[in-house]
Structures are given as structure tokens and as C-alpha cells.
Amino acid sequence: MSVTRHLSAPIPTQLPELEPGTYLTETQWQVLLALIDAVIPSIVVESEAGDQKKQLQISQSRYAEAYEQTKRLMKQPPDYAKFQQYLEARPLDNPRFLRLIKRTIQRVPDGNRKQLGAVLSIIATRVGSLAGTGYYTPLQEQPVHVREAIIQSWNQSWLTVWPIIGKSILKMAKASFAQTDPFFMELVGYKEAPDDYRPGPSFPFDFLQFAAGREVATVETDVVVVGSGCGGAVCAKVLAEAGHRVLVVDKGYHFPAARLPMAAEAANEFLYEGGGVVQSADGSVTILAGSCWGGGGSVNWSVSLQPQGFVRQEWADQGLGFFTTQEFQHCLDRVCDFMGVSDANIRHNHRANVILNGSKKLGWAAKPCPQNTGGAEHYCGNCTLGCSSGEKQGPTVSWLPAAANAGAKFIEGFEVSEVLFDKKRKSKQAVGVLGTWISRDKDGNVHTPESGRIRRQVRVKAKKVIVACGTLHSPLLLMRSGLKNPHIGKNLHLHPVGQMNASFDEDIKGWEGGILTSVCTTFENLDGKGHGVKLEPSSMVPYMFLYEHPWRNALQWKLDALRCRQMDNFIAISRDRDSGRVYPDPATGRPVVDYTPSAFDRRHILAGLVALAKLCYVEGAAEIWPFVQSVPSFVRRRQQSKPRADCDSDSDSTTTTTTATTTTATTTPGVRSTEEENEEDDIDQGINDPAFAAWLGTLERAGVRFPGTTFTSAHQMGTCRMAPHPARGVVGPDGRAWEARELYVADASVFPSASGVNPMVTNMAIADWIARGVARDLQREKGEKGEKREKGEREKEEARARATL
């Protein structure tokens, strides 16, 4: 293990140079940046304004009211000069912000970029602007307050194209701001690496290297494992320790602890699929999927939950009886024991305690989430950007080093294009894989142009091929390899998530401490068939919980963001009954996710948001924001406090708060008297608070539907479904592909349906089962070959003896 504890901050990971922005015209860029500018503009007092087009002007009284509100609501408010500097700053004047906007557009699939460009071109004309904005003047020529009003109107439009465009612009602007704005980071106290930074040890992986050459390089092994994530890493350890030659290949690269956590821009570029901006085809779901050495296990949040009994029974009822056997439990226990999974030494942070304590007050079931941290406390909030401590026992810390110690070999930066088959046989038999390897540069970096690095085709010859490149890529690899099973790519489950922010009268700094250490399970079986939601805390890296924080107007959002130090973020994560599919983009081959949360699953997400609001309320939340565009935030009633300032610009405002209503006294028979009402006011009504109950009614009536609500997914499952028959799935109960011999799939894509829990442990246990079966097959084949060899030698000896006679 290499140790670098002398470092006081991570070694920076450089970003690739931006491509020329020629995929948008100059006019299209002007319109796009004009819209982004209106989301988070420079805000000044109208008497001090210098440029009406670039600065949002508000009255002196409103400005003063906004500062007084900030001082009242924040535990550590900025002084007036800092507050003024924060509001006046214009993100578009920040080069880092502008580069991130361009990088985000660069990552968008070409087809989506063309659609965006077409819309931008339309509203850049006078006729198009009139149709799209209601103004004859082209949008890019409008002052910022008009552009702000246009985005507000789009959010309320009945033509879905405008809310979708508006939502995309809002998310891009908010996420980029929260990652790059120096004034924001200074005032909220967020640092990209903790003050007590001490990276843990890293395993010195010895990756295979290839010289430059035109001919195809060849490597031979017993088993090639495509993917180094939770499934592939377990397979590698099991098979290597069984004495077999194992080669693990992955398109991602390894980043040691000394380079972690990364800045958010670099993490999205190098640790996540699609640069962290993968969305479903209709834009309803934002998808986070790990894409680096170690896969999702390098960026997940340590949660190690085992699947519930009703899920195991559901899978068994589909003809997969293994899932209710004790052997499956042995697999679960084996992988948990190896990682030291435990809930014994957890130190819960504020939002984890909101789940635990709020559930107790409401009579709901909640518990700590076991962590794969080897029994360490692991008070780390940065795992989503790469964990530097070495405490999280993910693939790169535990499974792959164990595989290496047993003789396994590794190739990073190797993208497999196809599985190879023996063409001499009538039935398909996998004999290896073919792909392209791209080296690091001479200095060991991966951000430099590929033209300056070695690019080589590599063929891996193997007796067995295990595909474990994730739910988005495993089916695409099977399709590219010529497999035709109609279930490939279908049965996609995403555990779609609804989100909620809540602020408290406490200095929380939610980005500190374990990300997800508690869970409420009361609502996980709402239909009696295992479908429902879990209530969990979520990541508090600022851009991850602010990019969907409701935006009503520029001033409101900028002030809310300033309070994020006192916020918690929570998720209602659904076990989705209904599914989608993944297929390759015809132009690029990248995965296209065809998935929209169904009305059935959305009802459960809504129930989860209502439950989360109740948890936040009983734990004293001052303000609660569901991520539903049409629903105002709930503001807790305060004794003798002034109402919250209306932070809208001078244009018509959209109400953003709910306060308690007063009740008129009456002596009508059967109606409570004023004295009775006053007595009731002395009682802590809890979730029966009339104002809160009325607000919950508003939320329930609004519902959660796209585009007013967008969803998030960090779990992808099911696209190479396991089934007892090829008419019902892609692989059999042993993980073997129905269409080909010696070809296996061993990742979350084989799940028969959604796991209902964070899928890491289920994934690993299934991979353990599949790998042990492969090891037995290899051992048996070796034995059979040995018997044939011995028989041949005996026959030769007998022949020689007969010849002597």
C-alpha cells in the first residue's frame, strides 16, 4: 500500500481542454448565456445600477429587507459588505463558471444539443421570440428582469416544451454556480477538501501496458472480467483465490486516495458516466452512474443493506428459488463479513438523526444503515467525489487488492467493443473480448488529448467471459456482440427518487459526516406487494442538493442558497414496479435511457415526500422545500416574528412561503370558542398544525409529475434480467447467458426486478454466487482435461508395451 499522509490537500486532477464550441452558433450561445444569466444574475440596488441589461435592479427597501431576513434566518450571516458582494457578483463574469457551462453543453448528446440549438435559434428571431416569450424583441437583447420573467412564465406554461427548456437551463445554471462561485463557497463555509485532510493508503495497482503498434495485441487468461465495479471485483477475488488466471478490464481509470476527493467538475468528468449529466430520453430522470476504476463502489455512500424477505420471495416466485435458500444468505454474509459491514461505530450527523428521532416521535420504523467501512466511524461526506480515507471497503480498497494478491491482472482505460465467439462451433461459445486500450500520457495523466497517448487494439483470449460493466453498458455490449435475446436492455429499474430540502435553526454544515447512515422503512411496502419508498438522507455536496432546489426568482434562489449551511437534503427512494429500457444511440453508441416514472410509482414517491415533510416538521424545520415546482415552501409559524420578506423582483411575484392562518372567533353552536382555540394553541399540535396540514394538502393535490417535478436515480438494475427460461430473461440462475456458452453476466443488470435497497450488497452476493459456479466449472474442466491426458499417457504406454512384445 502506498501512503501519502503528508499531503494537506488532494493532488488536483486537471480537466481536458474544452472542445471548440462550434456545435452552437454564436447567436445560439448568446441566447443560452442570456438565459443562464437571468437565473442567477448580478443583483443590485436600483440607485446603484450600472447596466440594466446585465444587472437585476431592486428597490433599496427590498434590498434592505432581504438583508434583514438573511440576518434573521442565518446563524452566521455575512456582514453587509459581504452580502452586497455576493448578490452583486455575476456568475458569467467568473471564468470557471463559464468553462463549466461550456463543458456541460459539450457532454450533452449530439441529438439533444441539436434540439436545444434549434429552440435557441427560434427565440433569437423576432417572430420566434414573440411565439416563445411573448416579446417581439429577441431574448438576447432583453434586460435581465425581462429574461427572468420569461423563465418564470416558461415554468408555468401548459406547452411542455417550455417547462422542459426552462428546467434544463435552471439546473445547468444552479449546478454550475454551486460548484464554482467563490463568494458562495466562502460565505457558506464549504471547502472542497476538509481542513484535516489526510489521505489513507492506496493499493499500487500494476496495470498492464502495451507498446504502440498497428497489429492487435493479445493477452491470454482463464477468465476475463469486463468491469471493475461491485460485481466484477467480487468475481475477480473469488476466481483468483480459487487458483484461476483472471484479467479485469475497465474503460475507466484508477485515481488513488491522494487525488480524492476531486473538485466537483473533475469528479463528474472522470468518476461518472457521461460526465455526470446522463438523463432519461424525456429528461424526467437525472442518472448518476459510476464510471471509473472500481465503478459505482468508488463513489457510493457505504450503505450495505441486505434485500428484504418480500423481494427474495418475489424473485423465488419467478422460478429463481436460490434467492430463498440459505446459500444466498451465506453469499450475503460472506461479502458483508469481508468488508467489515457494521452499524456499531456510526456517528450520525444532523440529517441522519432527523430520520431516526423524527421516526421515533411519529411511531415509525427507522434504523441505522450498516456501512462497509470495516468497523471505522467514517465520518466522511465526500465519498460521492471519491473517498480519500481508505476506510470504505469498496472494490479498489478491498476486493481488487485481494484479487491482485491472488495473482489477478488488470487493464485500465480499456473499452471492450465486443465479446468474441468461436466461429467453428455451431452454438455460440465465448472465447474472449476485443477492445481499444488508451494509455495515460507520459506523465501519468488522463486529461490530455488521446492523440498524444498510445491507442492500441487488444484481444483477450479467455476460457470464460464475465460481463460486469453495469446496467447501462452490459446490455449494450451483448447487443454489439450479436446476441438477440429480446429481453436485453429491457426491464430497467432506476429506484427513482423524490427530493426535499429543509432548513433548521442550527449550524449544520451538512456536507460533514456520513452521507447515508439511517433509514425509515415504514413506507417500503405501500401496495402489499413490496413496492413503496424508503426515507433516507442524501449527499450534501452543495451542487447535488441545490441544482433542483426550487427557483421562483433570482433573488429568492440566491438567498436560499446562502442558507444551505443550515439545510438538510432528504430523499424518498422508490422500489419501482414499472420499468423502462436502455438502448444504444444510433450515432454514438452511448446508452440511451428510455424511462419515465409511472403514475403508480409516482404515487409512492409523493407519499414519501409527505412523510419526509412530517419528519422535518417534528424535528423543528424552519422551512421545507419539496422539489415540486408548483408547491410553495412551508415556513414554520414564529411567535412575534415578521413575515418573511417577499424576495421577488419588481415583476409579478410567485408566492414562495406558507404561514399560519388566523381563525376568526365565533359563538356559533358546535364551533369552538376563542378561549378553546387559545387553549389548543398552547398544545404542541405537531403534524396536526393546521397551517402545516393545509400545506401538505397542497403538496398532495399537486402531485409529482414531469416536468414540474424531475427525479434522480443512483441505482440502475435489471437490463440483463436473470430468469429460469430464455423466454423470460437474458441469463439463467447461474448467471450464464442463455444464448452463448462460457459467457456470464454478474452485475446489477441481472436483478429480476428492483432490489428495493441500495443494491451494492445484493449485487456482490449474486456475483459471489456466479463466480463460485464459474470456479467450479473451471476446476471440473481442468479435471476432465487431466483425466484425458492421463488416459492418453496410459494408452501410449500400453501401445509401447505391445510394440515391445
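Mentor: A search of the whole structure finds 40 salt bridges. A salt bridge here is a side-chain nitrogen of Lys or Arg within 4 Å of a carboxyl oxygen of Asp or Glu. The model is predicted: local features need pLDDT of at least 70, side-chain atom pairs count only at pLDDT 80 or more, and totals for chains, interfaces and linings use all residues. Residues are numbered from 1 along each chain as its sequence is written, and side-chain values use heavy atoms, with hydrogens and water left out.

Take Arg-245 and Asp-222. Their closest N and O atoms are 3.1 Å apart. This pair links distant parts of the chain, 23 residues apart: Arg-245 is in the loop between helix H10 (230-241) and strand S4 (246-249), and Asp-222 is in strand S3. Helices (H or I, at least four residues) and strands (E, at least two) are DSSP runs, numbered from the N terminus. Arg-245 is partly exposed, at 43% relative accessibility. Asp-222 is buried, at 3%. The cut-offs are these: buried means under 20% relative accessible area, exposed over 50%, and partly exposed in between (1.4 Å probe, protein chains only).

Next, Glu-619 and Lys-361. The closest N and O atoms of this salt bridge are 2.7 Å apart. The two residues are 258 residues apart, with Glu-619 in the loop between helix H19 (599-618) and strand S19 (623-626) and Lys-361 in helix H14 (residues 350-362). Glu-619 is buried, with a relative accessible area of 18%. Lys-361 is exposed, with 56%.

Strand S19 also holds Glu-623, which is the partner in the next pair. The side chains of Glu-623 and Arg-563 meet in a salt bridge at 2.9 Å, N to O. Arg-563 is in the loop between helix H18 (554-562) and strand S16 (567-574), 60 residues from Glu-623. Arg-563 is buried, at 5% relative accessible area. Glu-623 is buried too, at 2%.

Salt bridges also join into a network. Asp-37, Arg-90, Asp-93 and Arg-147 are linked in this way.

Charges meet rings as well. The charged end of Arg-577 sits over the ring of Phe-600, 3.7 Å from its centre. Lys-558 lies over the face of Tyr-86, at 5.6 Å from the ring centre. The test is NZ of Lys or CZ of Arg within 6 Å of the ring centre and within 35 degrees of the ring normal.

Rings also pair with rings. The structure holds 31 aromatic pairs. Rings of Phe, Tyr and Trp (its six-membered ring) pair if their centres lie within 6.5 Å; planes under 30 degrees apart count as stacked, over 60 as edge-to-face and the rest as tilted. Tyr-23 and Trp-29 have ring centres 6.1 Å apart and planes at 55°, so this pair is tilted. Phe-205 and Phe-410 have ring centres 5.5 Å apart and planes at 85°, so this pair is edge-to-face. Phe-205 lies in the loop between helix H9 (182-188) and strand S3 (217-226) and Phe-410 in strand S8 (residues 409-411), so the pair ties together parts that are 205 residues apart in sequence. Phe-205 is buried at 10% relative accessibility, and Phe-410 is buried at 2%.

Last, the cysteines. The search finds 0 disulfides, a disulfide being a pair of cysteine sulfur atoms within 2.5 Å. The sulfur of Cys-380 has its closest cysteine sulfur in Cys-383, at 3.8 Å, too far for a bond.
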